[in-house]
Amino acid sequence: MDMSRYNLSDYASRKKIEYILRKLPNIISNILIDLVNPIRKKIVINNIHPKWITLFITNFCSARCEHCFYSKELNNKVEELNLENLKKIFSSLKKPLNTLRVTGGEPFLNKNLENFIIFIDQYKLSKKVSITTHGMIPKLDERVKNMLQKLKYVHLHIGVSLDGLNETHDAFRKIKNGFNLAIKHLSDFRNFTDHYKRFTFSTTTSLIRKISIKKNKDDETLELFELLKYLKKEVGVPSVGFDHIRTIKDDVFNVPNEILSDFGLPPKKNDATKIKHTRADDVQLSINEIEEVNNELNKSGFLGNDYLTIRRLEIEHEILNTKKRIVDCLAGYIDCVIYPSLDVSVCESTKPFANLNSFNFNLLKLLNSDDAIERRKITNKCSCTHPCHLSDSMAYDTKFLKEYFSSKRL
Ligand code: SF4
Ligand code: SF4
């Protein structure tokens, strides 16, 4: 499963507040954050209503990526959310989400996708919808354009995942000519931004051994940087993001085994042990390598002044190093995850705790149920590097907010 890009505007829902905080001397803005943030946090904890939802809209996917932590679920069971159920679930919300993150599987393989997004737009159920795609769906450009012509309220963001240059990407994703198709769609998206003000797009690259530390024989350039240069200069991609691959086994800490998610990377093919050795061992960077790549990215200028991404990558690294809770995670209070089976979990790193069928599709009722309260009690000490839950929680972390508003890099 690929992750959608986190957006700066999600941090300061009111741009004016951000503007004022930045104008104030640090000492004053810090005092204000100290005073106001605990109240903000209390409000979201006492009035549970998600601001971000991750929606696995289908279990189907046409790719077979080596780093897919969702691979056990893919295409096994014929499961995808239908429009009727989606409408019931999202109609139960009382206020608009900041962002609805639509993922899977490959979201564009769910034929209900466009009608569902148009429904979200019609009833103003989310300010932003971010769809993560592998970008290798035939006629993706036409489908996105058709949607854009109908949207009146929602900001649509499409995040396309790319794992390397042509050869690496296609070998990794197991789709022939997939890189070229994804690049064609990115070029189309580039043109759409001239016509549709509520549209943005980006790419996300998983930091994997095959691309992040592999040097080109001739000039010693990292393939990761060759890809980034190509995307920025030749294709005109305005924003590039990065994720560390997720294993569950190596990047989630202090979650009791009985509620730890079953997701994870599959055993490597033809591996006799089928337990200890996972594909992660082939693709995942070690903690030291992660630090090296973070430093390189930081120095290279590819991250520009993207303070949020830089800090998130650094915090992920710190969590891997210390196995400690660095940011107070609010998963289940401000965000949640919905699966095609209608199961709901507080986060992707833990198992679902309830099913929407038992709550008549009322998501708010489910998130305020005794089961949800019990689950959040268990997850109030754990720690993990999940980029979305981490970013969402950083928006309520006093220490981080002080850093963010006093940062000169923005
Ligand atoms: S595109 Fe790749 S990572 Fe995403 S769901 Fe499909 S197989 Fe998994
Ligand atoms: S830290 Fe948050 S996202 Fe990670 S396992 Fe715990 S509750 Fe889930």
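The numbered points below describe a predicted model of a protein chain with its ligands.

1. Overall composition. The protein chain contains 16 helices and 11 strands. Of its 410 residues, 46% are buried. When contacts between residues at least 6 apart in sequence are considered, 77% of them join residues at least 24 apart.

2. Helices α3 and α4. Two packed helices are described by the angle between their axes and the distance between the axes. For helix α3 (residues 83-91) and helix α4 (residues 113-122), the axes come within 10 Å and cross at roughly 25 degrees. Angles under 35 degrees count as roughly parallel, and α3 is therefore roughly parallel to α4. The crossing of these two helices is right-handed. On the α3 side the contact is formed by L83, L86, K87 and F90, and on the α4 side by N115, F116, F119 and I120. Sorted by class, the contact of α3 with α4 comprises 6 nonpolar residues, 1 polar residue and 1 charged residue.

3. Spacing of the contact residues. An α-helix has 3.6 residues a turn, so residues three or four places apart point the same way. The residues that α3 brings to the contact with α4 include L83, L86 and F90. From α4, those facing α3 include F116, F119 and I120.

4. Helices α4 and α5. Helix α4 also packs with helix α5 (residues 140-150): their axes come within 10 Å and cross at roughly 20 degrees. This makes α4 roughly parallel to α5. The crossing of α4 and α5 is right-handed. E114, I117 and I118 are the residues of α4 that meet α5, where their partners are R143, N146, M147 and K150. The contact of α4 with α5 divides into 3 nonpolar, 1 polar and 3 charged residues.

5. The surroundings of ligand 2. Ligand 2 is surrounded by 14 residues, of which C329, C347, C382, C384 and H389 are the closest. The shell around ligand 2 divides into 8 nonpolar and 6 polar residues, with no charged ones.

6. Helix α15. Is helix α15 (residues 387-394) mostly covered or mostly uncovered? The helix is mostly covered, with 8 of its 8 residues buried. These buried residues are P387, C388, H389, L390, S391, D392, S393 and M394. H389 is also one of the residues closest to ligand 2. Around α15, the buried residues pack against the strands β1 (52-56), β2 (97-103), β6 (240-244) and β8 (335-338). They also pack against the helices α12 (307-322) and α16 (398-406).

7. F242 in strand β6. F242 lies in strand β6, one of the elements against which the buried residues of α15 pack. F242 is buried, because 25 other C-beta atoms lie within 10 Å. Leaving aside residues up to four places away in sequence, F242 touches T204, T205, L207, L297, T309 and L313. Its C-alpha atom is separated by 8.4 Å from that of T203, although F242 and T203 are 39 residues apart along the chain.

8. I27 and S406. I27 is found in helix α2 (residues 26-46). Which residue is 379 residues apart from I27 in sequence and 9.3 Å apart in space, C-alpha to C-alpha? The residue is S406. I27 counts as exposed, because it has 8 C-beta neighbours inside 10 Å.

9. Positive phi angles outside glycine. K139 has a positive phi of about 60 degrees although it is not a glycine. K139 sits in the loop between β3 (126-133) and α5. This residue is exposed, since 11 other C-beta atoms lie within 10 Å of K139. K323, likewise not a glycine, has a positive phi of about 60 degrees. Its place is the loop between α12 and β8. With 13 other C-beta atoms within 10 Å, K323 is partly exposed.

Methods: Residues are numbered from 1 along each chain as its sequence is written. Chains are lettered from A and ligands numbered from 1 in the order in which they are written. This is a predicted model: local features need pLDDT of at least 70, side-chain atom pairs count only at pLDDT 80 or more; totals for chains, interfaces and linings use all residues. Axes are lines fitted to C-alpha atoms, for helices over the stretch in contact, and angles run from 0 to 180 degrees between N-to-C directions. Helices (H or I, at least four residues) and strands (E, at least two) are DSSP runs, numbered from the N terminus. Angles under 35 degrees count as roughly parallel, over 145 as roughly antiparallel, 65 to 115 as roughly perpendicular and the rest as oblique. A crossing is left-handed if the near helix is turned anticlockwise from the far one by less than a right angle, and right-handed if clockwise. Two residues are in contact if their C-beta atoms, placed from the backbone, lie within 7 Å. Ala, Val, Leu, Ile, Met, Phe, Trp, Tyr, Cys and Pro count as nonpolar, Asp, Glu, Lys and Arg as charged, and the others, Gly among them, as polar. A residue is buried if 20 or more other C-beta atoms lie within 10 Å of its own, exposed if 12 or fewer, and partly exposed in between; C-beta atoms are placed from the backbone. A residue is near a molecule or strand if its C-beta atom, placed from the backbone, lies within 6 Å of it.
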